[in-house]
Amino acid sequence: MSAILDELIQTAASLVTADLVRGAGGNVSARDGDLMWLSPSGFSLADASADDYPGIRIDTGRIDQGTNRPSSEVLMHLAIYRQRPDVNAVIHTHPPITIALTSSGHDLKPMFADYYVYLGRNVPHIPYVTVTTPELAVEVEKVAAAPDCHGIVLRNHGAIALGTSIKESYFRTLAIEEQATIQHAALQVGRPTFLSEAECDKLDRLGSESYRRELLARMRV
Ligand SMILES: [Zn+2]
């Protein structure tokens with residue numbers, strides 16, 4: 001089995017354990033040469049095995065490996081890989097606090113360093129678009145084209161994390177829901193204080209790459 005697919009399957013199961021998707025919700029993919037492995041339609045991310053994952057050619061969208069129908073968000077995943085050669089993994093989840101907060105008039109904004117270092121300043125919030133439609137893929141494609149876009153919030157739907165590796169996309173997914181959870185808790189007890197532009201600039205100067213590598217070393221899937 002492809003080592004990439006093996007890691008993707010393990011990460012998919014972790015998303016269920018972390019309560020970021022339920023039932024057959026959410027979908028994950030990883031680039032493997034010319035192919036994209038994408039979770040199959042109708043399976044829980046905790047249940048799908050390697051044989052269940054279709055391998056899809058990124059250039060044509062044709063199914064090259066496997067017999068299962070890919071996730072209905074296949075167009076969204078393809079659009080990201082075609083736009084962003086630096087992206088090797090895409091994780092789409094339905095994190096409950098992120099959905100609650102961003103569907104109630106709030107935008108996620110950094111309140112702690114890890115969120116800023118993982119996601120940066122550009123986390124677009126897309127208004128609701130009907131799930132699984134080509135229109136959703138078009139809206140995601142528009143914002144994902146920016147090279148500094150590492151995460152996207154879909155209001156009334158969920159989140160997407162982009163990464164150069166599966167692990168990076170996974171940690172970005174966790175950081176999005178962690179930010180939403182902290183922001184939500186802060187709103188219960190007072191007015192949240194966000195990191196200022198100057199504080200974010202200072203984090204940039206720290207060298208966010210080396211800081212991120214340090215974070216990656218600390219965290220384990
Ligand atoms: Zn979804």
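Tutor: Two strands pair if DSSP finds at least two bridges between them; strands (E, at least two residues) and helices (H or I, at least four) are DSSP runs numbered from the N terminus.

Student: What is the model, and what limits apply to it?

Tutor: This is a predicted model in which local features need pLDDT of at least 70 and side-chain atom pairs count only at pLDDT 80 or more, while totals for chains, interfaces and linings use all residues. Residues are numbered from 1 along each chain as its sequence is written, and side-chain values use heavy atoms, with hydrogens and water left out.

Student: What makes β7 and β8 paired strands?

Tutor: Four bridges join β7 to β8 (residues 158-163), and the rule asks for at least two, so they pair. The two strands run antiparallel, with glycine 151 opposite alanine 161 in β8. They form a hairpin with three residues between them, and asparagine 156 in the turn has a positive phi of about 60 degrees.

Student: How does β6 pair with β7, and over how many bridges?

Tutor: β6 and β7 pair in the parallel sense over two bridges, and isoleucine 126 stands opposite leucine 154 in β7. From β6 the chain crosses through helix α5 (residues 134-144) to β7 in a right-handed β-α-β crossover (clockwise from the first strand over the helix to the second, with the strands pointing away from the viewer).

Student: Why do Gly151 and Val153 point one way from β7 and Ile152 and Leu154 the other way?

Tutor: In a regular strand the side chains alternate between the two faces of the sheet. All of these β7 residues are buried.

Student: What makes His92, His94 and His157 donors of the zinc ion?

Tutor: The NE2 atoms of His92, His94 and His157 lie 2.1 Å from the zinc ion. Along the chain their spacing is H-x1-H-x62-H.

Student: Why is histidine 92 called buried, and histidine 94 partly exposed?

Tutor: Buried means under 20% relative accessible area, exposed over 50%, and partly exposed in between (1.4 Å probe, protein chains only). Histidine 92 has 0%, so it counts as buried; histidine 94 has 26%, so it is partly exposed.

Student: How do you know that glutamate 197 and arginine 121 form a salt bridge?

Tutor: Their closest N and O atoms are 3.0 Å apart, and the rule asks for a side-chain nitrogen of Lys or Arg within 4 Å of a carboxyl oxygen of Asp or Glu, so the pair counts. Glutamate 197 is in helix α7 (residues 197-218) and arginine 121 in the loop between α4 and β6, 76 residues apart.

Conventions
Donors = N, O, S within 2.8 Å, 3.2 Å for Na, K, Ca; no water.
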